[in-house]
Amino acid sequence: MTYREKLENYRKKLLSEKEMEEVKEEIEKVDAINDYLADCLEEELDLRKGGAGSSVGETKLFENREDILENKAEDFEKYVKKSIRRVYMKMSLGICAVILAVLLFVQFGLSPLIESLYYDPTEQMEVVSENGQSAIIYNKMAMDYRIYAELTMPCKNEVDILAFPQGYGNYTLNITSLVSYGIENAKSIGGQIRKGRLELYEPDYLDKVPANFFACYGMNSDSKRDYEEQMRVKEKHISVDEDGREYRTQIWHYDSLESAREAVESLEPDRKYLAYVSLRRDLNFQETNELMKEVTSNTEEFIAQRWLAIRNDEGNTFPLDVFGYNYDTVSLLSVPAEYNEKYPYLAFYDSEKEYDYYEMREKEDIMKQHVVSMCKYLADREEFVNMMEYGRTSYTGKFKESARYIEEHGLNCYGFVCITTKADMLKMLENDEIIGIIPKDWV
């Protein structure tokens, strides 16, 4: 039993008679000690006041005691101050160490940690030639972008991309075209990537080809009628809206083939344009190559960067997306050999092999594999695709679906895009396989 418990039992009279007497004696002893201490305190207070009844000896004794007390008080004060300073120094050092650790983590730990969560466009890869004499260095985004642009953005894939890290998943960008023709230079675009979100200072630069720029849009590719015949039928179907105005159900960019031809005829003769060329029907690979040779042989002034639009999904009326591949140029100069092992013919040059692209583009199995590999490559680049298609109803699964469709059905072309002149567009319209052209400015 503790003494506190014993006192509690004493108060409640739960102790034995003997224990009650012992506790009572202890209480009396404490009372006596308290009385004695109180008397001593009163005497000391009288001495401090220097009362009239005090003797000279008592005064000297008091002064000695006062000196001793003052010295002890001073020593104690110094000790307290020294202890407080020591505590404050320890606390200050501890706080400084914590602040320094936080700053170092924010500067060298937090930024890389945040960057690891988002797409990093500065990651580099080096492709050394077979003889070791030269090397090509790509940053990750330049390679990803060129493949993405070859599939989805005609005449925009021959670019160089520089990315500069700003920390915490943020980067500044400069996209510079590697192609220009005469005084008409392609654009250089600035922008930034902020935590996986791409923002260009000219947002429409990334705009894709509207599906209805090609005459096959809304037409039945399985029909016995070609696209021109189907368009003529639709032109006859005139409807009337609630206000009594007549309109056609035609969904091509122009309301008729004649309107498209008038648009071409109104162009300036000495300029270069982007031409979206629509075919009469879907052409297989061999037919497409024959048409490209005819277009080349009949060119009067200029044609470049031809891009072939191909079927990439089961929808025979409305394409899932406008997909295609380059005919005149290659999107990548080279890739590491292991890339071509995983994605055959992703590029036509690597550190172990070099192919003649103009020879390869005549071989259907190789070009089909090239397009399939680009689709599979992008299907594996979810971070990049999500960044490029931020806010759009697109997803990486479309690249897998396109790869499967093309593997099964091959390369079937319904149109092409190129950079050319007014004279050569009019020349193309003389070809039986070409039914319409939509011209747009190219700068």
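Visitor: Is R261 buried, partly exposed or exposed, and what is its relative accessible area?
Guide: This is a predicted model. Buried means under 20% relative accessible area, and exposed means over 50%. R261 falls in between, so it counts as partly exposed, with a relative accessible area of 36%.

Visitor: Which residue forms a salt bridge with R261?
Guide: Both residues of the pair lie in helix α6, residues 257–265. They sit four residues apart, about one turn of the helix. The closest N and O atoms are 3.3 Å apart, and the partner of R261 is E265.

Visitor: Where does D328 lie, and is it buried or exposed?
Guide: D328 is in the loop between β13 (323–326) and α8 (337–342). Buried means under 20% relative accessible area. The relative accessibility of D328 is 13%, so D328 counts as buried.

Visitor: How many residues apart in sequence are R306 and D328, which form a salt bridge?
Guide: The closest N and O atoms of R306 and D328 are 3.0 Å apart. R306 lies in strand β12 (residues 303–310), and D328 in the loop between β13 and α8. The pair therefore ties together parts of the chain whose separation in sequence is 22 residues.

Visitor: Which arginine meets D328 in a salt bridge at 3.7 Å, N to O?
Guide: This pair links distant parts of the chain, 33 residues apart. The arginine is in the loop between α9 (357–360) and α10 (364–379). Like D328, it is buried. It is R361.

Visitor: Which backbone nitrogen does the side chain of D328 reach at 2.8 Å?
Guide: D328 is in contact with residues including A304, Q305 and R306. The backbone nitrogen of Q305 lies 3.4 Å from a polar atom of the D328 side chain. The backbone nitrogen at 2.8 Å is that of R306.

Visitor: What accessible area do the residues of the nonpolar surface patch with I99 have together?
Guide: I99 is in helix α3, residues 56–115. I99 is partly exposed, with a relative accessible area of 45%. The patch is formed by I84, V87, Y88, M91, I95, I99 and L103. Together they have about 690 Å².

Visitor: How many salt bridges does the structure hold?
Guide: Side chains of opposite charge can pair when their charged atoms come close. The structure holds 18.

Notes. Residues are numbered from 1 along each chain as its sequence is written. This is a predicted model: local features need pLDDT of at least 70, side-chain atom pairs count only at pLDDT 80 or more; totals for chains, interfaces and linings use all residues. Side-chain values use heavy atoms; hydrogens and water are left out. Patches are made of residues with over 30% relative accessible area and no salt bridge: like charges are joined within 9 Å, nonpolar side chains (Val, Leu, Ile, Met, Phe, Trp, Tyr) within 5 Å. Accessible areas come from the Shrake-Rupley method with a 1.4 Å probe; for residues, only the protein chains shown count as cover. A salt bridge is a side-chain nitrogen of Lys or Arg within 4 Å of a carboxyl oxygen of Asp or Glu. Helices (H or I, at least four residues) and strands (E, at least two) are DSSP runs, numbered from the N terminus. Buried means under 20% relative accessible area, exposed over 50%, partly exposed in between (1.4 Å probe, protein chains only). A polar contact is a pair of N or O atoms within 3.5 Å; within protein, one must be able to donate a hydrogen and the other to accept it, and residues adjacent in sequence count only if both atoms are side-chain atoms. Contact means heavy atoms within 4.5 Å. Lists of a residue's contacts leave out its neighbours within four places in sequence.
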